[in-house]
Amino acid sequence: MTVSVDHFATVAELARALGPDTRVLAGGTLVMRDVNYGQAGAARLAYTTDPALTEIRAEAGRIVLGAGVTMAAVSARPELSFLAPVARQIGGPAVRSMATVGGNLFAPHPYGDFATALLARDGVAEMADGAARPLADLLARRAARPGFVRAVSLARPQTGEFRFRKVSRVKPKGVSVMSMAAWLPGAAGRITGARVAYGAMAEPPVRVAPVERALEGAALAAAAIARATAAATEGLNPPDDALASGWYRRETAPVHLRRLLEERAG
Amino acid sequence: MSKKPLSFTLNSRETAVFVDPGANLLDTLRRGVGDLSPKYGCGQGTCGACSVRIDGALHLACLTLAETVAGRAVETTAGLAAGPDLHPLQTAFMEGFAAQCGFCTPGMLMAAKTLLDRTPDPTRAEVIEAISGNLCRCTGYEPIVDAILTAAGRMRGRVAG
């Protein structure tokens with residue numbers, strides 16, 4: 001399938017030009033693969049070199065990542081050190097020089113580890129038209145109502161509150177069998193505002209409300225961890241793919257969740 | 001659809017070529033420019049055989065839309081040697097039998113150069129991480145890791161000397 005390609009100087013120009021037969025090119029790690037195999041899925045590619053997309057800024061207790069910020073840039077910024085372990089587990093060095101925050105939000109199963117982490121950080125997408133969309137909504141409806149994301153804002157964590165675990169068969173750059181992210185802030189020894197998200201356990205990455213409920217208000221100790229792991233796959237129907245069956249994902253997710261929570265508990 | 005003109009710097013030389021819409025950088029380098037050093041392995045970013053440097057950062061040429069390198073500096077393995085003098089990485093690969101079939105070697109060299117430019121004295125773990133996006137089906141990787149460490153030592157010695 002032959003594609004046409006259009007470059008736009010600004011996000012606004014690109015957003016105006018979006019249509020049903022246009023696919024946005026970000027870092028290229030997923031879109032160009034499809035183009036190379038004649039499966040672009042659209043007649044036109046559109047991309048922008050707007051420098052605003054690569055900005056990283058702090059505002060009102062949150063950090064804002066431009067959609068064009070790469071995994072390599074995330075790894076290199078001291079103020080994003082809590083996200084660096086996530087970014088470093090995505091692909092090899094070349095992929096990380098290319099893959100972007102925005103692209104990861106639209107990466108199909110089983111990709112999307114970074115989106116999983118952002119989801120657990122209360123991520124909110126800033127759309128090109130200025131609207132704000134919680135990532136849970138954006139991810140759930142990304143196929144039907146994608147829009148153009150210009151940036152993602154996320155809560156800035158205190159030290160030690162955030163944990164991420166990627167399970168893959170090949171290390172260090174294998175594709176995820178599953179990924180898990182947990183933001184577990186606490187006061188007086190109790191978890192308040194628990195956020196837990198899974199990648200590759202559903203299409204797309206999802207928040208895991210039963211686990212969050214099991215942890216909310218509890219001390220992160222053996223009893224709460226047991227309740228959380230018992231609820232680890234409640235309501236989920238993990239997909240089969242070449243890396244793992246849904247059965248395997250369902251059976252092993254509680255083990256990985258327990259390890260992640262025990263790590264957070266110290 | 002008509003071709004587009006594209007100008008960029010390839011191994012410090014101004015280069016101009018016409019590219020098809022949607023063409024990737026690997027095809028452009030190999031078929032358009034005639035630089036056959038980056039290899040086509042998978043076309044999906046898995047093998048790293050097409051690794052090149054764009055503005056000093058490691059990229060996969062097969063996943064790079066060619067027209068996005070307009071005005072930028074592209075480096076391939078073809079530009080590593082200085083005339084008849086091989087780059088220390090190339091010499092170390094040759095002496096250490098770090099290349100067997102040789103197909104992965106250009107990508108390995110570009111990944112290694114990117115590491116050594118930033119980290120002149122890498123640990124073994126850092127070398128392994130640096131080439132984690134490059135597949136080799138011949139060597140078992142150990143000779144490659146050894147060669148990169150050998151080259152790093154020689155390059156530090158050259159600077160110190």
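## Crossing of H10(A) and H11(A)

In this predicted model, helices H10(A) and H11(A) cross with right-handed geometry. The residues that form their contact comprise six nonpolar, one polar and two charged.

H10 covers residues 222-230 of chain A, and H11 covers residues 246-265 of chain A. The axes of the two helices lie 9 Å apart, and the packing angle is about 150 degrees. Angles over 145 degrees count as roughly antiparallel, and H10(A) and H11(A) are therefore roughly antiparallel to each other.

## Residues at the contact

On the H10(A) side, the contact involves A:Ile225, A:Ala228 and A:Thr229. Their partners in H11(A) are A:Pro254, A:Leu257, A:Arg258, A:Leu261, A:Glu262 and A:Ala265.

## Secondary structure and overall dimensions

Chain A contains eleven helices and 14 strands. Along the principal axes, its C-alpha atoms occupy a box of roughly 55 × 45 × 30 Å.

The radius of gyration of chain A is 18 Å. This value agrees with expectation, because a compact globule with 266 residues would have a radius of gyration near 18 Å.

## Burial and contact range

Of the 266 residues in chain A, 49% count as buried. Among the contacts in chain A with a separation of 6 or more, 60% are accounted for by residues 24 or more positions apart.

Definitions and conventions:
Residues numbered from 1 in each chain as written. Chains lettered and ligands numbered in written order. Predicted model: local features only at pLDDT ≥ 70, side-chain atom pairs only at ≥ 80, totals over all residues. Axes fitted to C-alpha atoms, helices over the stretch in contact; angles between N-to-C directions. Helix = DSSP H or I, 4+ residues; strand = E, 2+ residues; numbered from the N terminus. Parallel < 35°, antiparallel > 145°, perpendicular 65-115°, else oblique. Left-handed = near helix turned anticlockwise from the far one by under 90°. Contact = placed C-beta atoms within 7 Å. Nonpolar A, V, L, I, M, F, W, Y, C, P; charged D, E, K, R; others polar. Rg over C-alpha atoms; globule rule 2.2 N^0.38 Å. Buried ≥ 20, exposed ≤ 12 C-beta atoms within 10 Å, placed from the backbone.
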